[in-house]
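User: I would like to learn how to read a protein fold from its coordinates, one feature after another. Could you take me through an example, giving the general idea and then the case at hand?

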Amino acid sequence: MVKPVPFKRSTFATGPDDHAPCAFLIGTRVATSDGMRNVEMLEVGELVDTTVGPLKIAQIERKIMRRADLIYRRDDWPVRVPVGSLGNPGPLRLSPPQRVLLDGPTVERVAGMAEISVGIRDLVGLRGLIVERPIADLHYTTLDFGRPVVVEAEGVACEIQASDVPVVEREMARAAFTAMNAEGEPRLRTLR
């Protein structure tokens with residue numbers, strides 16, 4: 001008689017290379033020299049607005065994560081950011097490891113720094129940010145500029161690769177984000 005194998009969530013997980021990339025889902029609009037453009041429409045060599053000025057995209061990687069592979073991998077489900085939660089004028093979905101920048105007087109008062117970097121997954125549960133079960137395959141686009149930069153995605157400052165912006169512990173980031181929203185921040189910010 002075959003012994004039954006007990007169910008374990010880790011049975012369904014795969015290696016770290018298969019986890020959600022730090023990338024943008026299709027439909028995410030990124031600031032370019034020609035205005036806001038859907039990330040999936042961008043090509044290598046196009047100019048994208050960054051905090052250091054317009055930069056050409058050096059490389060683009062596209063990845064599809066199959067819905068069937070994500071059923072038991074809740075940590076890889078995208079994070080839904082409702083309108084205004086990060087100063088965004090429209091709804092936004094980000095990959096869980098995507099780092100966003102928080103800044104302003106409240107962040108400086110709470111965190112002791114003018115600007116902090118936080119993974120969007122660390123803010124889940126605050127201001128309507130939730131993980132969202134995929135109803136279809138997830139199509140991600142990763143932009144590479146050959147160096148760390150910050151781009152504007154739907155009005156939200158997002159890091160591409162690690163930058164020199166301080167990364168704070170999860171509880172400090174959550175406290176700063178909560179205080180920002182209590183003070184009426186963040187407001188829509190653009191890189192221009």
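User: How many helices and strands does the protein have?

Analyst: In this predicted model the protein has 3 helices and 14 strands. Of the contacts with a separation of 6 or more, 66% are made by residues 24 or more positions apart. Buried residues amount to 43% of the 192 residues, and the accessible surface comes to about 10,200 Å², with 54% of that surface belonging to carbon and sulfur atoms.

User: Which strands pair with β12, and in what sense do they run?

Analyst: Strand pairing is read from the bridges between two strands, and here strand β12 (residues 138-144) pairs in the antiparallel sense with strand β1 (residues 24-25) over 2 bridges. Within that pairing, Leu25 has Tyr140 of β12 as its bridge partner. Strand β6 (residues 59-65) also runs antiparallel to β12, and this pair is joined by 7 bridges, with Ile60 standing opposite Leu143 of β12.

User: Where do the faces of a strand come into the reading, and is strand β13 enclosed or open?

Analyst: The general idea is that in a regular strand the side chains alternate between the two faces of the sheet. In strand β13 (residues 149-153), 5 of the 5 residues are buried, so this strand is largely enclosed by the rest of the structure. Taken face by face, Val149, Val151 and Ala153 are buried on one side, while Val150 and Glu152 are buried on the other, and both faces of β13 are therefore covered.

User: Which strand pairs with β13, and what lies between the two strands of their hairpin?

Analyst: The partner is strand β14 (residues 156-160), which pairs with β13 in the antiparallel sense over 5 bridges; Val150, for instance, stands opposite Glu159 in β14. The hairpin of β13 and β14 has 2 residues between the strands, and in this hairpin Glu154 takes a positive phi near 55°.

User: How many salt bridges does the whole structure hold, and which parts of the chain does the pair of Arg66 and Asp137 link?

Analyst: A search of the whole structure finds 8 salt bridges, and each can be read by asking where its two partners lie. Arg66 forms a salt bridge with Asp137, and their closest N and O atoms are 2.6 Å apart. This pair links distant parts of the chain, since Arg66 lies in the loop between β6 and α1 (67-70) and Asp137 in the loop between β11 (130-131) and β12, 71 residues apart. Both partners are partly exposed, Arg66 with a relative accessible area of 43% and Asp137 with 30%.

User: Which residues join Arg93 in a network of salt bridges?

Analyst: Glu132 and Arg93 form a salt bridge whose closest N and O atoms are 3.0 Å apart. Glu132 lies in the loop between β11 and β12 and Arg93 in strand β8 (residues 92-94), so the pair ties together parts that are 39 residues apart in sequence. Arg93 counts as partly exposed, at 31% relative accessibility, and salt bridges with shared partners join Arg80, Arg93 and Glu132 into one network.

Notes. Residues numbered from 1 in each chain as written. Predicted model: local features only at pLDDT ≥ 70, side-chain atom pairs only at ≥ 80, totals over all residues. Heavy atoms only, no water. Helix = DSSP H or I, 4+ residues; strand = E, 2+ residues; numbered from the N terminus. Buried < 20%, exposed > 50% of the residue type's maximum accessible area, 1.4 Å probe, protein only. Contact = heavy atoms within 4.5 Å. Areas by Shrake-Rupley, 256 points an atom, 1.4 Å probe, with all protein chains shown as cover. Pairing = 2+ DSSP bridges. Salt bridge = Lys/Arg side-chain N within 4 Å of Asp/Glu carboxyl O.
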